[in-house]
Amino acid sequence: MIATLFHSLLLAQAASAPAPLEQARLGLCLDQARADPAGAIAEASTWSGEASGAEASYPQQCLGYAYTLLLRWDAAARAFLAAREAELATNHFRRAQLATMAGNAALADGRGDAALVALALAATDAAASGDAGLRSLVETDRARALVMQGNQGEAEAVLAAARTLDAQNALAWLLSATLARRLGKLEEAQGFIETAAALSPDYPEVGLEAGVIAMLQGRADAARASWESVVAVEPGSETAATARGYLAQLAEPAAEQAAAE
């Protein structure tokens, strides 16, 4: 999920913040990247040439972010890993965040194997940080990479660990529901999606998945209600467009039956 990538990209600004001067410059660089990614790449490249030691981590993070906005996923992953390598070995939290960003960039590029390598680094760093929430996020992304590689059994176990580490991780519950549904475990999927909905009732992808699960269970009215809620919450989103497509499919049999009558 691209949304997950951008969620991870923003994590590094919230915790283990750099020193005030670097923090301010990183913020300016990230702002520039949103408006002018190419310009930010040039700025960050100059900054990188001037920085040394752990300070070199911050221009590399900005480079990675700018590359994601240009959909240059491989370059983004390499920049984030370079940022992790430059960061102090004792700053486990931020190193985990940066490796997670690299893993997400690889996932966006469809390279599950590369994502698993980066996320293994993130898992090690996150464990050393002692932060259960961060560990849960890393495990959630590892599960996505495992599914991409066709290893659904291990992904199930990793998602269970993510839920245990942080029961408030709505994405872990959502992905658990999706995987259970794909494996034909509809009762488990229903339980997972109910928890995801309780944690993030307005998250459109939860409503989308809830509708799919309901439809497979033969509950067309519940499916319709879920998909209509997605359209109501974010009418202009891609998720809403998907929901409209499902609603149109749902309406076809009813229209045909009405015509036959």
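The model is predicted, so local features need pLDDT of at least 70 and side-chain atom pairs count only at pLDDT 80 or more, while totals for chains, interfaces and linings use all residues. Residues are numbered from 1 along each chain as its sequence is written, and side-chain values use heavy atoms, with hydrogens and water left out.

Helices, named by number below, are DSSP runs of H or I with at least four residues, numbered from the N terminus. Buried means under 20% relative accessible area, exposed means over 50%, and partly exposed lies in between (1.4 Å probe, protein chains only).

**Salt bridges**

- Side chains of opposite charge can pair when their charged atoms come close.
- The structure has 15 salt bridges, each a side-chain nitrogen of Lys or Arg within 4 Å of a carboxyl oxygen of Asp or Glu.
- Asp74 and Arg78 form one of them, with N to O at 3.1 Å.
- These two residues are about one helical turn apart, because they sit 4 residues from each other in helix 5 (residues 73-86).
- Asp74 is partly exposed at 36% relative accessibility, whereas Arg78 is exposed at 52%.
- Glu156 pairs with Lys185, and their closest N and O atoms are 3.0 Å apart.
- This pair ties together parts 29 residues apart in sequence, because Glu156 is in helix 9 (residues 152-165) and Lys185 is in the loop between helix 10 (170-182) and helix 11 (186-199).
- Glu156 is partly exposed, with a relative accessible area of 26%, and Lys185 is partly exposed at 31%.
- Asp125 and Arg95 form another salt bridge, with the closest N and O atoms 4.0 Å apart.
- Asp125 in helix 7 (residues 112-129) and Arg95 in helix 6 (residues 92-108) are 30 residues apart, and the pair links distant parts of the chain.
- Both Asp125 and Arg95 are buried.

**Disulfide**

- The count is 1 disulfide, a disulfide being a pair of cysteine sulfur atoms within 2.5 Å.
- Cys29 and Cys62 form the bond, with sulfur atoms 1.9 Å apart.
- The disulfide is left-handed, because the torsion about the S-S bond of Cys29 and Cys62 is about -90 degrees.
- Distant parts of the chain are linked by this pair, with Cys29 in helix 2 (residues 20-35) and Cys62 in helix 4 (residues 57-69), 33 residues apart.
- Cys29 is buried with a relative accessible area of 2%, and Cys62 is buried at 0%.

**Helix 12**

- Helix 12 (residues 204-216) has 13 residues and reaches 19 Å from its first C-alpha to its last, close to the expected 18 Å.
- The expected span is 1.5 Å times one less than the number of residues.
- Helix 12 is largely enclosed by the rest of the structure, because 10 of its 13 residues are buried.
- The buried residues include Pro204, Val206, Glu209 and Ile213.
- Gly218 follows helix 12 and has a positive phi, near 80 degrees.

**Nonpolar cores**

- A nonpolar core is a set of buried Ala, Val, Leu, Ile, Met, Phe, Trp, Tyr and Cys residues joined through side-chain atoms within 4.5 Å.
- The largest nonpolar core has 28 residues, of which Leu26, Trp47, Cys62, Leu63 and Tyr67 touch the most other members.
- Helix 2, helix 3 (37-50), helix 4, helix 5 and helix 6 each supply at least two residues of this core.
- Helix 5 gives the most to this core, with 7 residues.
- A separate core of 19 residues includes Leu146, Leu179, Ala180 and Ala210.

**Aromatic pairs**

- A pair of aromatic rings is described by the distance of the centres and the angle of the planes.
- The structure holds 2 aromatic pairs.
- Rings of Phe, Tyr and Trp (its six-membered ring) pair if their centres lie within 6.5 Å; planes under 30 degrees apart count as stacked, over 60 as edge-to-face and the rest as tilted.
- Trp173 and Phe192 form a tilted pair, 5.9 Å centre to centre with 55 degrees between the planes.
- Both Trp173 and Phe192 are buried.
- Trp227 and Tyr246 are also tilted, because their ring centres are 4.9 Å apart and their planes stand at 40 degrees.
- Trp227 is buried at 4% relative accessibility, whereas Tyr246 is partly exposed at 27%.
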